[in-house]
Amino acid sequence: IGLDASFCHRAPPAGDIAFVSQSGALVTGVVDWAASRGVGFSHVLSLGDMADVDFGDVLDYLAGDVASRAILIYMESLTSAQKFMSAARRAARAKPVIAIKAGRHAAGAAAAFSHTGALAGSDRAYDAAFRRAGLLRVTELEELFQAAETLSRLPRLDGERLAILTNGGG
């Protein structure tokens, strides 16, 4: 319906990548960056402290959303690990899901806590959970931006028609 309930000064460009964030300020920065690069979004969602809707709910929806061919996540914390894992597995089977987890280091964890009031948790636990669910984890915002740009430029592949050509066995 074109709902914009953000403090963004511009509408996100239309496209087929869903972006889910716990930071509204980061959403604004990503929308500005995307507009200058020609990267478009099917959905841009800021969850904040997830008082009602959380990553599990959103991933469950986006897994079946035909308008989104990839999902980007900026995460500070989880509210329901079991719900997240179930939804993340489902989403990752359907499309690429790329996540960045804030609070990998002590300073970042303190910033995440002051922002949403949530504990960042063990970075190794998040790493293992993302891997088990089939999510690709990036460690820098620049990598998340690069993933968005790459995904927006690739044509949709229909069927099982992917070949990898290499000059080495690795």
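The score called pLDDT is the predictor's confidence in each residue, from 0 to 100. For this protein the mean pLDDT is 85, and 89% of the residues reach 70 or more. This is a predicted model, in which local features need pLDDT of at least 70 and side-chain atom pairs count only at pLDDT 80 or more, while totals for chains, interfaces and linings use all residues. Residues are numbered from 1 along each chain as its sequence is written, and side-chain values use heavy atoms, with hydrogens and water left out.

Let us turn to helix α1. Helices here are DSSP runs of H or I with at least four residues, and strands are runs of E with at least two, numbered from the N terminus. Helix α1 covers residues 24–37, 14 residues in total. Just after α1, Gly 38 takes a positive phi of about 75 degrees.

Finally, the helix pair. The axes of α1 and α6, lines fitted to C-alpha atoms over the stretch in contact, come within 12 Å and cross at roughly 45 degrees. In the contact (heavy atoms within 4.5 Å), α1 contributes Leu 26, Val 30, Trp 33 and Arg 37, and α6 contributes Leu 141, Phe 145, Ala 148, Glu 149 and Arg 153.

Conventions. Expected span 1.5 Å × (residues − 1). Axes fitted to C-alpha atoms, helices over the stretch in contact; angles between N-to-C directions.
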